[in-house]
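The model is a predicted one.

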Amino acid sequence: MTHQHQVPGEASGPGAVAVGSNHGIISTGDAATIDNRTLHLPAEAVRAPAEVPAPPGLNNLPAPRSAVFVGRDEDLARLGAAMDGGGAPTVVHGLGGMGKSTLALHYAHRHLGRCNPVWWVPAETPDGITLALADLAAHLDPYANLTATTSAEAAAWATGWLQSHEGWLLVLDNAEAPDDVAPVIGPLTTGQHLITSRRATGWHHLAQPLALRTLDPDASADLLMRIIGEPGEPDDGPDDGSDDAPALAELAAELGHLPLALTQAAAYIQHTAITPASYLARLRRYPARMFAASATDNHERTIARVWQLTLQAIAARDPLAVDILRTFAWLGPDDVPRDLAEALHDDPIAIDEALALLHAYSMITLTPRTFTVHRLVQAVARTPDPADPHRAEQTIGTARRRAVSLLVAALPGDPLFNVAGWPRWRELLPHIEALATRVAPEQDDEHTDAIWRQTSAFLQSEVRLDRAVALAERSVAACERLRGPDDPFTLASRSILGSAYRSAGDVVKAVPLLIRNRDDCERVFGAAHEETLVARGNLAYLYGVTGNLDLATELHSRNLVDCERLLGPDDPHTLSSRSNLASAYREAGDLGRAVPLHEQSAAGYERVFGPDHPETLTARSNLAFAYQLAGDLGRAIPLHEHVLTTRERVLGPAHPHTDLARELLTNARADTPR
C-alpha cells in the first residue's frame, strides 16, 4: 500500500527530515518520509504495537443476516464452554448452509462487552486474511497504517498488537484450509480465536473442532414459521398458514433441517405468498429451480450456489470424490457401507482418499465402516441442472446406473434360505428402499428388476408384506415390459407376487395370479420343470389357506412325488413340498398322516440347513402344533419352548415369528389339564 501526500520541501525543525535526500521510511518521533515525501506526525504517533491501546468497543461485526435465530442455544453453550476453556482455538465446522457463520456471528455479538476488539476476518483466502488484519491495524492506530508500505506490513503490525494485548476476539470466517490460518493464529496466545470452516479434518495441531449439526425438527418448523410470519405479511384469511403445521414439518424434513435451506424456503414462501405445501410440491417437481431460487438480492446464498462452489473445489482436487457423491445420492443417506464405494475403483487407496476429501469438506460424515450423506446434498447431487457443470443430465444418469449396479453386485444370493446373508440384506435394505423411491418405474431395467424381485422375497421372510407386495408388483411390471409375459424372470416375479398377495391375505388377487402362473409355467416349461413345481406348490398352498383342503392335498402329493424324483429328497423345494403336504393333512384333521410327515420334515430341514435355520424352526413349530392337536402335550410343550428360545436368539424377541412362537406356547400350556 503506497500513500502519497503533499508536504513542505525542506526541514521544518529539529529532528525533521528534508524531502529529496532520503528514501524509504525514516521515523523521527514527529515526522516520517514515505516515497520521498515527508509526513508531519504528532510526537506520540509512531509507537510500538504494545504501546497502543484499543479504542473502546472496537469491532467490525456485520449485522446478522436475519433477526430469526432459533434452535442453537445448546450449540452456543457448547461453543462458549470451548472458548472459555483456555485451550486451543475453536473451529466450528460443518456442511455449507449449516449456519456456522451465523452461530459465530451471534457468539461474537454477545461478547462485545467482554472482548475488545472483536474483529471479523473473512478467511476464504490468505489475501483476505491479510487485508482484514491490515484494516484492524488502521482502526487500532491510523499512523501505523500510514507508515506501512504494504498490506502485509500493516497486517504484521496488527499481529504484533494482538501478541502484546489480551482480551480480544478474532473470528476467522469460512477458512478454506488449516494452513491458511496457521500463520495468523499460531503465534497468538493472548486472546481468543474462533474459526468457521467447511473443513472437518486437519485441525488437530491448531484448533479444537466443534461439529455443527442440523436443527432438530421442532426448531426447523419454528424457523420456518418465524420467517414466514414476519411483520408485514398480508392476512390471507383461512389459508394464512395457521393450519400448516404438518406441511411445515414435512417441508423441514424434506430439507433435511438444514438452516440455509429452511431460510431460503421460508423467504420464498413469504415473498411469493404461497403455502408451505405449495412450496413442497414445487420443490419436488422443479428441484433444480427451487434449489437456486432466491427471494433476496443475494443469489450467492442459495443451496445450489453454496454447494456448487464446494463441488468445484473438490473436483479440482479429486474428480473421483464427486463421482462418489453423485453415485451415492441415489441410495439412503445413513450408514452407507464403505465397501459399496470401494467397489467403484480397483485402487482402495484412491477410494480412501476420495472419501476423506468429501469428509474434510463436510459433504459426508465418515466412520471406519460406513458414511452418511445429508439428504439435501443427495437431492442436489442427483438433480440435473444445465447451469452446473457437475450436474449435467447425462452425468447424473450415469451415476444412477452406477448406483444400481453396485447394489445388484452386493445382494446376497438366495434371500429365502441363505440366512448367513440376512444381516447384509438388512444393511442394504434402507438403500434399496431409497433407490425405489428415487428411480421412476419407467426407468427400471433388468438390474433394478433383479433388485425388486429378490428384495420382495427377502421382505416376505421378514413379514414386511406391504413393501414385499409393492416391490413384487414393480418387478412384474418391469419384467413384462422388458422381457415379455412368458420370460422365465417374468414367471418367477409373478410367483413371488402371488406369494406376497397370499401372505398379505389378499386371496382375491392371489388366486387368479397363481392359477395363471401355474398354467403358464406348464405351457412354457412343461409339467416336469422346477419352475412348474414351484408354481404348483404355491397354488396348492393357497388352496390350503382358502380351505380347499382336498385340492390342496392332491396338488401337494403330486408335487412331492415329482420333486423327490426330479430334484432329490433334500432339495429345498422337496423339503417345502413335504412340509406343505403335512400341513394340509393336519388342517384336514388327518393327524395319522400329518405327524410322521412333520417329523420327516423337521429332520430334513435340520439335516440340510442346520438346527437354527428359520425354516428348521418353522418345521419344528409345525411338528409341535401337530403334537398338540394329537393331545401329546408332553412332546408339544418342550418343542414349543425350544422354538421360542431359539427364535428369540436368532430372530430377536420382537420378530413376528417369535411372537407367533410365544402365542403357540401360551396356547399349548393352556391346554394342559389342571
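Phi of A273 is near 55°, a positive value in a residue other than glycine.

V463 is another residue, not a glycine, with positive phi; the value is near 60°. V463 sits in the loop between α19 (446-461) and α20 (465-482). Its relative accessibility is 31%, so V463 counts as partly exposed.

## A cis peptide bond

N116 and P117 are joined by a cis peptide bond. Omega is about -5° there. P117 belongs to the loop between α2 (100-110) and β4 (118-122).

## Helices α27 and α28

Helix α27 spans residues 614-629, and helix α28 spans residues 633-650. Their axes come within 8 Å and cross at roughly 155°. Angles over 145 degrees count as roughly antiparallel. The two helices, α27 and α28, are therefore roughly antiparallel to each other. The crossing of α27 past α28 is left-handed.

On the α27 side, the contact is made by L617, T618, R620, S621, L623, A624, F625, Y627 and Q628. On the α28 side, L633, R635, A636, L639, H640, H642, V643, T646 and R647 take part. By type, the residues in the contact of α27 with α28 are nine nonpolar, six polar and three charged.

Technical notes
Residues numbered from 1 in each chain as written. Predicted model: local features only at pLDDT ≥ 70, side-chain atom pairs only at ≥ 80, totals over all residues. Heavy atoms only, no water. Helix = DSSP H or I, 4+ residues; strand = E, 2+ residues; numbered from the N terminus. Buried < 20%, exposed > 50% of the residue type's maximum accessible area, 1.4 Å probe, protein only. Axes fitted to C-alpha atoms, helices over the stretch in contact; angles between N-to-C directions. Parallel < 35°, antiparallel > 145°, perpendicular 65-115°, else oblique. Left-handed = near helix turned anticlockwise from the far one by under 90°. Contact = heavy atoms within 4.5 Å. Nonpolar A, V, L, I, M, F, W, Y, C, P; charged D, E, K, R; others polar.
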